[in-house]
Amino acid sequence: MRLLCFLVLMIFSASAPGGAQDIPIFKLTNPAAVKLLDEVSQSYKRRTIAIDTPLPSNIHAAASIAEDGTPIIKVPIDRDPTEADLVHELFHLKLIAEGYAFIKIDSDAQIPKVMETRLFEWVKDPIEHTIFYPRMRAMGLNPSEHVEATISNAAARFAIEPGEPSEMSVLSLFSLRVALQENPELFEQFVKGKAAGNDLAVSGQALEILVRDRPQTPDEEISTLVKVLNCLLPSIGTFSFGHLEAVKKGTVTVRTAVIRVDAPSGVRACPAY
Ligand SMILES: [Zn+2]
C-alpha cells in the first residue's frame, strides 16, 4: 500500500520507552487493547505508528503497512478515533501478519473500479470482521457503534451512490446485515420500505453462507468470500479463487488473493434460492 508523507503524530508501542504516557493520547485504556497493540508491534517486529490523514467521513481509521513493514493506523486529521476504531484496525493488522489477504480482481471483462472497491468494502471487509468482532465484544467494545449511530438517524439511507452499478445495492445490504448480526431487529426496522424484497432475500442468503462457514483461517476466508460473491452477484460473473500473490514488507509477507471473474453462469449460488 502507498504510504504518503503525512504528519506522524507519534510512535506508540506498549513496550517502547514512554509507552505508558502514549496510551491516553490514543485512548487505549482497555488492558486487552494495550496488549493487542503490543502483539501487533511484535508480529511486525516494528513499532505500530499512527498517521494523521485526510479520510472520508465514513472512514474512522484505516490500516496500512509501509514498505519497510511498519504497521500503520491512519487516523482522520479532523476527528478523534474511538478506542473501538483503533482496536478494529489493530485486529486487521494482526490478521494481515497472520496471512489474511487483500483481494484483487482478475477478469477478461471490464469490471468497473468502483465495483472492485465495493467488493472489498462491502463483502471482503465485513467477512473479515466476523473473525474478530466476537473478540472486540469480549473486550467490552461495540464494533458496530458507528453503524448503529448512523442508522438511528431517521433521515439516514443505506443506498449506493448515484452512477454506481445497480447490483451494488445488494452488497450494501449484505454489509449492513453483517454489521448488525447481533441486532437483526435494528436491521429489519431500518431497511423497511428502503430495500427491494429480492435484494433483502439474497443478502440474507449470503449471510447464511457466512454463518454456516464461520471462516477462521486465511484460506477459509477466501473460500467463503467466493461463495458469497457467487450468491450476491451472479449477473456480474462467476467468481473463483485464482492465485495468491505475496510481497515481503519488512519481516512480514503481505498476501493478495487474486479473484478470477469469468462469464456469468446465470445461476444464483445461494443456499436456498
Ligand atoms: Zn474493517
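Colleague: Which glycine lies in the turn of the hairpin formed by strand 6 and strand 7?
Modeller: This is a predicted model, where local features need pLDDT of at least 70, side-chain atom pairs count only at pLDDT 80 or more, and totals for chains, interfaces and linings use all residues. Residues are numbered from 1 along each chain as its sequence is written. Strands are DSSP runs of E with at least two residues, helices are runs of H or I with at least four, and both are numbered from the N terminus. Strand 6 and strand 7 have 2 residues between them, and the turn residue with a positive phi of about 60 degrees is glycine 250.

Colleague: How many bridges join strand 6 and strand 7?
Modeller: Strand 6 covers residues 238–249 and runs antiparallel to strand 7; two strands pair if DSSP finds at least two bridges between them. Valine 247 is bridged to valine 254 of strand 7, and serine 240 has arginine 260 as its partner there. The number of bridges is 11.

Colleague: Do strand 5 and strand 7 run parallel or antiparallel?
Modeller: Strand 5 (residues 102–107) is joined to strand 7 (residues 252–262) by 6 bridges. Isoleucine 103 is bridged to alanine 257, and serine 107 to valine 261. The direction of the two strands is parallel.

Colleague: Which strands stand at the edges of the open sheet?
Modeller: The open sheet has 3 strands in the order 5-7-6, with mixed pairing.

Colleague: Why does alanine 206 count as buried?
Modeller: Alanine 206 is in helix 8 and is one of the residues with the most contacts inside the largest core. It touches Phe174, Val228, Cys231, Leu232 and Cys270, not counting residues up to four places away in sequence; a contact needs C-beta atoms, placed from the backbone, within 7 Å. A residue is buried if 20 or more other C-beta atoms lie within 10 Å of its own, exposed if 12 or fewer, and partly exposed in between. Alanine 206 is buried because the number of other C-beta atoms within 10 Å is 29.

Colleague: Is arginine 214 buried or exposed?
Modeller: Arginine 214 lies in the loop between helix 8 (197–213) and helix 9 (218–232). Its phi is positive, near 40 degrees, in a residue other than glycine. With 10 other C-beta atoms within 10 Å, arginine 214 is exposed.

Colleague: What phi does lysine 45 have?
Modeller: Lysine 45 is in the loop between helix 2 (31–44) and strand 2 (48–53). Lysine 45 is partly exposed because 13 other C-beta atoms lie within 10 Å. Although lysine 45 is not a glycine, its phi is positive, at about 55 degrees.

Colleague: How far apart are the C-alpha atoms of proline 31 and methionine 139?
Modeller: Proline 31 belongs to helix 2 and counts as exposed, with 9 C-beta neighbours inside 10 Å. Along the chain, proline 31 and methionine 139 are 108 residues apart. Their C-alpha atoms are separated by 8.8 Å.

Colleague: Over which residues does pLDDT stay under 50?
Modeller: The protein averages a pLDDT of 86, and 86% of the residues score at least 70; pLDDT is the predictor's confidence in each residue, from 0 to 100. Where pLDDT is low, the predicted coordinates should not be read in detail. The model has 41 contacts beyond four places in sequence for the stretch under 50, residues 1–25.

Methods:
A nonpolar core is a set of buried Ala, Val, Leu, Ile, Met, Phe, Trp, Tyr and Cys residues joined through C-beta atoms within 7 Å. Two residues are in contact if their C-beta atoms, placed from the backbone, lie within 7 Å.
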